[in-house]
Structure formats: structure tokens, C-alpha cells
Amino acid sequence: MRVLAQEIVLSINSGLTDLRNDLANTSGKLSATGLTGPQAEAILSGNLLEHPWAVSSFAIAKDGIVASAVPENYAGSVGMNLSWQPQVRHANERQAPVVSDVFAMVEGFTGISQSSPVFSPSGEYLGYNDITYEPRVFLARQIAGVTVPDGYDVWVAQADGTQIYDVNGEEIGKNIVTDPMYADPALHAVLVRIAADQNGTGTYSFYDRDWNRTITKTAVWETAGIGGTAWRVVVTKEAGTGEGGS
């Protein structure tokens, strides 16, 4: 279980690094063209085409104003002031590559903004470009590249406890530390450790994958993420039988 968790971490980090490199390349091009206009939109579109599973790509100025947005259905966002959004404020404050926490999107699902700063040829900070994607989609792609044996399940949570991937989609978005669903004292104690510790092992009782019965699960976790991001990658299996549950 430990080896499997580590392999999944490597796959997730590889995917995040690939995105970071592509965003940095896009930032280099925007440095020459600026953040607005048809050339900027073409540059953003070119990077988004490399990641067709993502949702959108924006160029956002240092004051939080949307300078360019693709695909076309996001064109109406150009000119909006998004400086109030935590992920926008954080990226402009950091002026460095950022993987945001999850946030609610108007489309009705949670997203992550992964971004790269844009500097002018003279070194002035102009803003950043990003790719926004659903974490469950990204993580499903990266986990699919690892052989997960029968009887094992995987779920992923931010360090604040917010679940961003689970085989049971209804658990995505719930917080393993604060949601009443996880209030059982013995279960809660293990989940608090998962949120707090970068790696570890624990045993807890929860429903099986089909929500038919309560089973005892063994959990092993490691931490994925780049640039300060911390995602707990949790591998579970039913204790004693090898039959998994999420």
C-alpha cells in the first residue's frame, strides 16, 4: 500500500510539473506580446489545446482584471475585476508558479487554477496566465497511469481536509475534518491525522464502496504537490479481506 501511494504521488507530481512547464512557456510568449489582444488569445489557446481536458485559460493582469480568456465561451469574462477571488489575489501576491486550492466555479463544480507569472522583457510583473481544471478529472488521469490492484481504493484531500478526488463522487467537496458524515470519534481521529500529517497509516470503520455496510479499512497515505501544494493521497483496503471501499 505504501509503494502504491508513492507511485500515485509520483504520477500526480509529474502531471503538475508538466502543466507548470507548459504554463511557464506560455508566460514567456506573453512576455513579448502582452496579456491582451488576438496574439495573447492565440497563445492561451495553443496551451489549452495541449490539455483538452481542462476547462479554460485566462491571462489576468496584476490588478486582477481579466485581460484575455479562452475558449470563446469565456470571452465575456474579459474586463472583469476578479481581484476579490482568493486564488487571483494569491497568484498576484506570490508572483510565482501557483497551484490554487479548490474553489467553486459558476459552472457548478469545483476547480483549481494552476498559474505562471508573466514578466515584461524588462522584468516588470504584468500578471499571470493560468489553466483551470477540475481536480477530479486531472487526478483520475494521473491515477489511471498507475496499476491499482483489485481491492484497493484511492482518495485525495487537500491539507485542510477538503476531498478533491474519490471513487464515490458524492464525497468530493466534503471536508473530512468538519463534515458531520465523519463525526464518529474513532473515524474522526484518523481523518484529523490524515489532514495534519504528510504520511502515515491508520485503521478506521466506514461504509463500503456501495454504501451497503460498514467495514474496517486500513489506510496508508503520502503527500503529493509542488510549489507548496499539499494533497494527501490515501490508499485504502478492507482490513483482512482485501476488498476495498472508498
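How many nonpolar, polar and charged residues does the lining of the largest cavity have? Exercise 2 gives the solution. The model is predicted: local features need pLDDT of at least 70, side-chain atom pairs count only at pLDDT 80 or more, and totals for chains, interfaces and linings use all residues. Residues are numbered from 1 along each chain as its sequence is written, and side-chain values use heavy atoms, with hydrogens and water left out.

**Exercise 1. Salt bridges**

Task: find the salt bridges and place their partners in the fold.

Solution. 
- Step 1. Apply the criterion: a side-chain nitrogen of Lys or Arg within 4 Å of a carboxyl oxygen of Asp or Glu.
- Step 2. Take Glu124 and Lys62, with N to O at 3.0 Å. Glu124 sits in the loop between β5 (110-119) and β6 (125-133), and Lys62 in the loop between β1 (56-61) and β2 (66-70), so this pair ties together parts 62 residues apart in sequence. Helices (H or I, at least four residues) and strands (E, at least two) are DSSP runs, numbered from the N terminus.
- Step 3. Check accessibility. Buried means under 20% relative accessible area, exposed over 50%, partly exposed in between (1.4 Å probe, protein chains only). Glu124, at 42%, is partly exposed. Lys62, at 47%, is partly exposed.
- Step 4. Take Arg136 and Glu134, whose closest N and O atoms are 3.1 Å apart. Arg136 is partly exposed at 42%, whereas Glu134 is buried at 14%.
- Step 5. Take Arg213 and Glu238, at 3.4 Å, N to O. Arg213 lies in the loop between β9 (200-207) and β10 (214-224) and Glu238 in strand β11 (residues 231-238), so the pair ties together parts 25 residues apart in sequence. Arg213 is partly exposed at 39%; Glu238 is buried at 8%.

**Exercise 2. The cavity**

Solution. 
- Step 1. Define it. On a 1 Å grid over the protein atoms alone, a cavity is a set of points where a 1.4 Å probe fits but cannot get out; lining residues have an atom within 4 Å of a point.
- Step 2. Search. One cavity of 30 Å³ or more turns up. The largest cavity holds about 70 Å³.
- Step 3. List the lining. It has 11 residues, and the closest to the centre are Trp155, Glu171, Tyr182, Tyr204 and Phe206. α5 (185-196) and β9 each supply at least two lining residues.
- Step 4. Sort by class. Ala, Val, Leu, Ile, Met, Phe, Trp, Tyr, Cys and Pro count as nonpolar, Asp, Glu, Lys and Arg as charged, and the others, Gly among them, as polar. The lining has seven nonpolar, two polar and two charged residues.

Key: 1 Å grid on protein atoms, 1.4 Å probe; cavity = no way out; pocket = protein on both sides within 12 Å on 5 of 7 lines; lining within 4 Å. Points joined across faces, edges and corners; volume = space filled by probe spheres on them.
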